[in-house]
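Good morning, and thank you for coming.

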Amino acid sequence: MKFKDGSLTKVLVGYPISYTVEFGKALSKDTTLILSTSSSVVLFPPYGTSPFWGVAGQVECKAKSTSCTFKTFWIKAIESATLMVSENIGGELGTATLKVKAEVEKFTLKISDGELKLGQSFQVRCIYSRVYSAECLDPQWSYDTDKLGYKNSSYADGSFCDTWFEAKKVGKTLIKLEIDGRDQAVNSGFIFGCGELEVDIKSPYTLSMVNPVDFACLGSTLSYRINGLINNPSIPEVISWNCSNNGKLTSAQGSNPASFKIISEGSYFKVGAVVIANGKHELSADKNVWIGKPTVSQDIVREYTMDAGSELTLEINDFNHYMGDITYAIESGMTDKLTIEELSSKSFKIVSKHPRLLTDVLKVRFTASNPCGSVFSVYTIHVEAAPGSSYDKPLYLCSLSDHRVSHYSEYNLDEIAGDMKDFKLYFSFELLRKADFYPLRAVIGQTDMLFKVYNAERKEVNSFVPSGDEPYSVIEVPAGLYYWVVDVKRINLEMKLNVAVRGMVRGLYLHYPYVVDVKEGTWEFHDSRDTTSYFQEFYYFDEQGQEVRTLEENNIYYIMTLKKPTPLLVHSADSKTSTEVHIMQGEPYHWKVLYHERGSSLDYLAIKEDPDIPQEVKDKIYEGQTCFKRIFEPGEYRFVFNAAKLTNGGVHNGLVCVNILPYWVQGTSFANAYELGTFTGREFNAEQSLPDISIHRRLGLEYIYFHFAVEKNVGLSVGVDQDRFPLALYDSRQNKIIENTNGVCLLPDVANMEFYVEVKIGEASYDSLTLNLEGVFRGNSPINRSYNIGNYDTDFSFGDSVDTSVSRYYEPFRYNDGTSDDHYPIITPEANHIYYAITLLKAMEIELEMPGDYGYVEYHIMIGEPYEWRPFVKGTTYNTRKYIMKIPAGEYKLVFNFIKLSNGSAWNGLINLNITGRVV
């Protein structure tokens, strides 16, 4: 048996609710069901002889029925009650239960007025959601009697109830309503409904000026009134006035309205009042009144600078507490050359009509007023000479970067100089690269003005002044910023000055190449052009006499003259296109191609690996650009660069960057030796290949130099190309250590040293060279192969780490331990031994430490030479990994090896060693 799906689990008190239980089968006989709950909050219909509803009940279910329905009536609210239905004793239907939450119905309370104020009467009404018998309902109101008064005029019927309250005190308060009911049918009481309402009682009082004004003057009288007095005998009202120190009350305290007299100025006048009416009501006037004339702010910038003939906008924020507009007047200066335009109430535009070279000082007075008086502030405006008056303020003409410039300007001299006859006029222009210039011209009428030209450092230059023999010849001018100072002389106050700047940058035309400046010593050449507006005039004849021409690419032309063999690096890094270059000799068009490279043929990986090419160039070069190095013999060379479209996504023209710089052939001396690095291991192999050493020979070099350093004690082997080149080794001070003509140098015992290798290439016929370095492991044999720790006469420390399990040959450790007269038995033959040599020049306290958890170590300190040596001291790390002992001056051999303690351990492994020596 179970409750029917959808049965109510949330109900309202005071309503009859029906429930149905389902049996899951038809009853075989009439059956009585027992009804009950876990709490006495619900009533069931009467049964048997009882005429009343009760907290328990029964319901009769007929045979063959599959469900049964019964009524309930909930009389109290409860969070959770269990409704239970069970069969009478002996039944087989079991028990059905249902959790039910009962709630009291919530009603809405409303007030008759939108805003409540102190002393006001108002109605609160509750409209029921259902109609009920009025005599069965009893509304109960509850409220805060300190803030509300009950008017005793309640009314209720079967559909609503209401009552009247009086607002007695300002603030928020809660009104609650509970309606008790009694149902005649079930003969039981219950809570019919409830509700609550928060009301906010406002103060009715406001304070305002009788005749509102914004400004008042010293000695004037102002009146204020309290509005909203309720005049209710049950709520007495007592008024108390107050005001700021710049006024005083002249009417009686408690009067309404009240009068105040102003006794000082320069601040706001403020009025307040307190009304005592069932509480304290503090009031302030709805506006403050400024007393006295306007004020002037002190932290305002009132000094400005403007160029002659320009405009200046002033924002006047000087004044406070004024009314109407700010007015202005020009006090001093050239008033006929100045106009003032009012843009807004605080914004004014100053327009200078001064000639450019004229200066002036203007003073403008701005004034603000109110009914009590006026104030003013004076602005000083310095009119400075405009551009054209000095080096610092020149008239900028133009900038020349690509191709050519033809700049013509006409200037109205009246606007520039007024009625001045003789004056200097300063111009500036900029050359981003050197250019060929026609003479500068500055003309009034038909008369050329005299001038001088200065560089950026303001030193006079004569580059722009042609020789007397060729007054219209073209002059080559270096790149830079230039100042052109014209001496203007007006004979009849002529109006117009015409100036002309004409120049051209070489490289645009085949017969007009850009000259690469080759200097003694250090120099580099960098240029960039956008070839979009260049020309397609480049062609030459190949060896078969056939014309070769660039069809779609525009070209840039350069010419360079070398007086001695020079190794040059030429590349197009930073270009925005793929590039192509031709190196030509001879005159167009009968020149010949010495070298040609198109971006598609660039050996990109070779560039990245070439030690002669600076890393910053390698970082910028990408596939499709050009980059090559070669030795140029003395002579004249022409370079032709163009963009090269290599793919469908490429372009025929664009930004091409040309870079030509001498590269210092590496390895020509100790100072620029090829760097091989520092070798820090116990053994190493390295090589440095130079695929082309013909450059060195063409420069007349006899030797190539390398540099490297060794940290650990090794046996050193240095060899060159199957003994093809003689070589020598030098120390860090460039003192020769060893040389050999067969191409190999051996040093069996070196440590913590720098070396230079000098390879003689002058007599060899090979054009390539490979240097091989090998550091041979020391410490695996006591006979001339012990690791040499060094010679010490001061405190020292030494650390090492060797893994004896690494595969290499280790000489067995042996000496006569007294067990035999005629041979030297191997000591611990299963272990590989590591050998060290050390020389103490003074007696020392030696601290021997073998840290780590890698296993136990056996050590011997030996005196003498193998195999006639004998132990000075020996031991193991069974009990401790640190030993301290005093050892006299002398030569010693140190031998270390692992000890196998169990089947699970090993005879060989990592040995860590720390040796510290302190002179005693």
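In what order do the five strands of the open sheet with mixed pairing stand? The order is S38-S40-S47-S44-S45. This is a predicted model, in which local features need pLDDT of at least 70 and side-chain atom pairs count only at pLDDT 80 or more, while totals for chains, interfaces and linings use all residues. Residues are numbered from 1 along each chain as its sequence is written, and side-chain values use heavy atoms, with hydrogens and water left out.

Strands are DSSP runs of E, at least two residues long, numbered from the N terminus; two of them pair if DSSP finds at least two bridges between them. Strand S38 (395-400) and strand S45 (460-461) stand at the edges with a single partner strand each, so one side of each has no neighbour in the sheet. S38 pairs with strand S40 (residues 422-431) in the parallel sense, over five bridges. Within this pairing, Ser-399 is opposite Glu-430 of S40.

I turn now to the rings. A charge sits over a ring if NZ of Lys or CZ of Arg is within 6 Å of the ring centre and within 35 degrees of the ring normal. Arg-808 places its charged end over the ring of Phe-777, 3.8 Å from the centre. Likewise, Arg-502 lies over the face of Tyr-438, 4.5 Å from the ring centre.

Finally, consider Trp-74. Beyond its neighbours within four places in sequence, Trp-74 is in contact (heavy atoms within 4.5 Å) with residues including Val-11, Tyr-19, Val-41 and Ala-102.

Definitions and conventions: Helices (H or I, at least four residues) and strands (E, at least two) are DSSP runs, numbered from the N terminus.
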